[in-house]
Amino acid sequence: MPKSLLSVVSGNTPDVRGAVVDHVLRASPRAVILAVSVQARDDKYPAVQRFVSGGDARIQEAVPLSATGDPAVILRQDLLALRRTAGQLHVILALPVELDILPLLCELWRTRIGSSSLEDHYAPAPLLVGVDPASFMADIGCVHRAVHLWGGRGQSSPVTPAEVAARQVEAADALIVTAPLEEDSRRAEGAAALAGHLNGQALLLTPPNTGGAAAELPPSLIRPAPRGAAEEWRARLEPVSVPRPRRGPHHSVESVLWRTRRPLHPERLADALATVMCGVVRSRGHLWLSSRPDSVVTWRSAGPHLELREADSWLEADEQHAWHAASPQRRTLASWFWHDYYGERRNEITFTGTGISEQRIRSALGAALLSDAELSQGRDEWTSMPDPLLSGGDSP
């Protein structure tokens with residue numbers, strides 16, 4: 001039997017999510033909608049409510065209204081139940097902002113031992129994310145409170161609204177910016193420009209000032225995505241993956257990619273942060289810190305909040321187990337950037353913001369790199385350097 005089609009839709013407000021679902025329905029009127037809402041329960045699993053519309057009574061009764069547990073497990077069961085009930089169909093999975101799209105999809109598509117794979121039954125369509133300009137611009141700078149974001153494998157992490165807004169945009173294959181009111185047209189243009197820079201690979205659909213969501217969706221967005229979509233999701237979550245910047249400024253929004261193969265002095269980097277982050281709205285990448293020469297340290301900022309975290313270890317030439325355990329995308333990146341002495345170690349960060357200075361960023365970060373004299377001292381001296389970024393000011 002041919003596979004069913006799964007269209008994943010999200011949006012930064014319920015209204016814009018509904019508008020995008022309506023556009024998919026106009027292109028596929030017989031599609032079944034599986035709409036999801038999540039209610040957090042402190043640090044426990046959330047309550048996951050689902051609402052099914054479209055199709056006959058059998059389809060609408062195939063999914064329970066509410067359950068408490070891992071959202072990925074619950075939604076996987078729902079999708080398989082719909083498939084068993086209706087056979088070949090088109091499902092629109094409408095996700096709330098509380099679900100981290102890419103980790104959730106990776107977990108849905110993960111093959112489980114002794115269980116049917118979702119990939120055997122569904123072909124994913126491109127991921128569609130609606131963007132309400134006013135809400136997006138308010139959220140992307142909000143770091144004064146924490147919200148729970150649920151991803152794959154039951155993981156809930158407290159993050160800022162700015163981080164939620166950035167991740168949602170970065171997950172999309174197509175960004176659909178809603179039409180603004182006449183007086184908000186400049187803000188809408190700025191929001192569209194910023195969203196386009198945060199996800200330079202996504203198709204950006206912006207409507208005229210006529211109200212509602214964007215015009216008719218291109219037919220390619222209602223068809224199966226190219227093969228390897230699940231591998232692409234996983235690749236974008238790798239700690240060494242860095243978003244490709246969109247070239248050139250647009251409505252004062254600009255992106256800068258900084259890459260170098262030399263360890264950073266953590267104390268000098270800490271001193272340079274105020275200069276580096278001036279005007280930056282979003283930045284993502286990874287570091288090679290002298291104090292932690294074996295660790296991939298991820299760099300992630302949204303609004304004025306910056307997070308550095310030890311996320312993985314650098315691959316070594318003689319560690320065959322680590323190479324086999326790494327994803328094909330990670331091995332490919334390592335081979336592209338391999339150095340006979342340093343291996344895959346490198347610094348790589350993409351900065352996006354308004355009025356940022358590429359020269360200022362490169363100069364400040366360049367001054368934080370180890371000098372030739374420091375580099376020649378070797379690992380023992382590197383690891384003894386003060387580290388105020390990850391060690392609370394003490395040496396590791």
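Q: Which exposed residues does the face of α12 turned away from its buried side carry?

A: In this predicted model, the face of α12 turned away from the buried side carries Gln359 and Ala367, both of them exposed.

Q: Which residues of helix α12 are buried, and why do they line one face of the helix?

A: The general idea is that an α-helix has 3.6 residues a turn, so residues three or four places apart point the same way. In helix α12, which spans residues 358–367, the buried residues are Ile361, Ala364 and Leu365. Viewed down the axis of α12, these buried residues fall within an arc of 95 degrees, so they line one face of the helix. Their cover includes β12 (253–260), α9 (266–276) and β16 (347–354).

Q: At what angle do helix α3 and helix α4 pack, and which residues make the contact?

A: Helix α3 (residues 71–86) and helix α4 (residues 101–109) pack at about 55 degrees, with their axes 9 Å apart, and the two are therefore oblique to each other. The contact is made by Pro71, Ala72, Leu75 and Arg76 of α3 together with Leu104, Glu107 and Leu108 of α4; by class, five of these residues are nonpolar, none polar and two charged.

Q: How is the packing of α4 and helix α8 to be read?

A: Here α4 and helix α8 (residues 229–236) pack at an angle of about 135 degrees, with their axes 9 Å apart, which makes α4 oblique to α8. The crossing of α4 and α8 is left-handed, whereas α3 passes α4 in a right-handed crossing.

Methods:
Residues numbered from 1 in each chain as written. Predicted model: local features only at pLDDT ≥ 70, side-chain atom pairs only at ≥ 80, totals over all residues. Heavy atoms only, no water. Axes fitted to C-alpha atoms, helices over the stretch in contact; angles between N-to-C directions. Helix = DSSP H or I, 4+ residues; strand = E, 2+ residues; numbered from the N terminus. Parallel < 35°, antiparallel > 145°, perpendicular 65-115°, else oblique. Left-handed = near helix turned anticlockwise from the far one by under 90°. Contact = heavy atoms within 4.5 Å. Nonpolar A, V, L, I, M, F, W, Y, C, P; charged D, E, K, R; others polar. Buried < 20%, exposed > 50% of the residue type's maximum accessible area, 1.4 Å probe, protein only. Arc of directions from axis to C-beta.
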